[in-house]
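Please examine the structure shown below before reading on.

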Amino acid sequence: MSGHDFPDIYCWIAVACCFALVAATTLTPLRGVTWKWLALAGSLTYPLYVIHEYWGWWFISVMQPWLPQRPTLLIAIVLCLVLAWVIHRAVERPLGPRPRRSVQAGLECLRAGPK
């Protein structure tokens with residue numbers, strides 16, 4: 001899709017690095033370190049997943065004629081991260097507790113079994 005081919009080894013290296021990172025943060029003394037920004041990063045994953053392709057490509061298509069590739073990409077990434085944060089703060093946080101309670105109530109009914 002990007003028009004650039006790169007060797008498969010790069011993907012395998014990225015996967016290996018992810019495994020090494022998970023192992024380092026769970027099996028070493030790093031597991032005791034609390035990085036508060038990781039909670040924020042984790043909370044942005046779903047809204048970012050939902051919006052990144054559509055809004056990222058939209059912004060790139062709009063700005064590509066006026067900006068070089070790298071600044072356009074950087075601004076698109078920042079735009080998507082900010083939009084994901086806004087969705088998290090304005091939608092997920094205020095509206096999240098109600099469906100969470102409903103799911104928990106349903107799970108408790110299942111756990112209780114038939115009456």
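In this predicted model, helix H2 bends by about 50° at His52. The helix covers residues 36–63, and its end C-alpha atoms lie only 34 Å apart. A straight helix of 28 residues, at 1.5 Å a residue, would span 40 Å.

Several residues of H2 are buried, namely Ser43, Leu44, Pro47, Ile51, Gly56, Phe59 and Ile60. Helix H3, which comprises residues 69–95, is included in what covers them. Leaving aside residues up to four places away in sequence, His88 touches Ser43, Leu44, Pro47 and Arg93. Of these, Ser43, Leu44 and Pro47 are among the buried residues of H2.

The aromatic residues may be considered next. A pair of aromatic rings is described by the distance of the centres and the angle of the planes. The count comes to three aromatic pairs. One of them joins Tyr46 and Tyr49, whose ring centres are 6.1 Å apart with 40° between the planes, a tilted arrangement. These two residues are separated by about one helical turn because they stand three residues apart in helix H2. Both Tyr46 and Tyr49 are exposed.

The rings of Trp55 and Trp58 have their planes at 80° and their centres 5.6 Å apart, so this pair is edge-to-face. Trp55 and Trp58 are likewise three residues apart in helix H2, and therefore about one helical turn separates them. Trp55 is partly exposed, at a relative accessible area of 35%, and Trp58 is partly exposed at 40%. Together with Tyr54, Trp55 and Trp58 form one aromatic cluster.

How values were computed
Residues are numbered from 1 along each chain as its sequence is written. This is a predicted model: local features need pLDDT of at least 70, side-chain atom pairs count only at pLDDT 80 or more; totals for chains, interfaces and linings use all residues. Side-chain values use heavy atoms; hydrogens and water are left out. Helices (H or I, at least four residues) and strands (E, at least two) are DSSP runs, numbered from the N terminus. The expected span of a helix is 1.5 Å times one less than its number of residues. The bend at a residue is the angle between axes fitted to the seven residues ending there and the seven starting there. Buried means under 20% relative accessible area, exposed over 50%, partly exposed in between (1.4 Å probe, protein chains only). Contact means heavy atoms within 4.5 Å. Rings of Phe, Tyr and Trp (its six-membered ring) pair if their centres lie within 6.5 Å; planes under 30 degrees apart count as stacked, over 60 as edge-to-face and the rest as tilted.
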